[in-house]
Amino acid sequence: GLLRECPPTVRAHLSSLGERASCLLLVTLLEARGLAPVALDPRLLVRAHGDPLQAEPDLEATAEAFAAHRTGAARLLVLPGFFAGDAEGRTVLLGRGGSDYSAAIAASALKADLL
């Protein structure tokens, strides 16, 4: 507000906060039900490049990042949608429909049978 401008990288970061908060609430509710959810950070797993507000996913890098989760013991993973991480780990958005897109990207990276 003081600068009267908002660079795209800052807008992307701010725009991801609601998704992060809702997933933290979901993890807390699942824990309260006796489940063992594992909260994942899409900035570390869903790799993307390009415009911070309309980034393109890097499916190969994302599959590599998810490799440990394909064989891991965790059965309940919680991954916020809508945003990803660039090569430097900065928040980038996947654009309109990004939450559904995130689910499809994660399912592909996990080699899931069902989405």
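Modeller: Helix axes are lines fitted to C-alpha atoms over the stretch in contact, and angles run from 0 to 180 degrees between N-to-C directions. This is a predicted model, in which local features need pLDDT of at least 70 and side-chain atom pairs pLDDT 80 or more, while totals for chains, interfaces and linings use all residues. Residues are numbered from 1 along each chain, and side-chain values use heavy atoms, without hydrogens and water.

Colleague: Are H1 and H2 roughly parallel or roughly antiparallel to each other?

Modeller: The axes of H1 and helix H2 (residues 17-32) are 5 Å apart, at an angle of about 25 degrees. A helix here is a DSSP run of H or I, at least four residues, numbered from the N terminus. Angles under 35 degrees count as roughly parallel and over 145 as roughly antiparallel. H1 and H2 are therefore roughly parallel.

Colleague: How far apart in space are Ser-15 and Leu-93?

Modeller: Ser-15 is in helix H1 (residues 8-15). Beyond four places in sequence, Ser-15 is in contact with Phe-82 and Leu-93. Ser-15 and Leu-93 are 78 residues apart in sequence, yet their C-alpha to C-alpha separation is 8.1 Å.

Colleague: Is Cys-23 buried or exposed?

Modeller: Buried means under 20% relative accessible area, exposed over 50%, and partly exposed in between (1.4 Å probe, protein chains only). Ser-15, at 33%, is partly exposed, and so is Cys-6, at 30%. Because its relative accessibility is 12%, Cys-23 counts as buried.

Definitions and conventions. Helices (H or I, at least four residues) and strands (E, at least two) are DSSP runs, numbered from the N terminus. Contact means heavy atoms within 4.5 Å. Angles under 35 degrees count as roughly parallel, over 145 as roughly antiparallel, 65 to 115 as roughly perpendicular and the rest as oblique.
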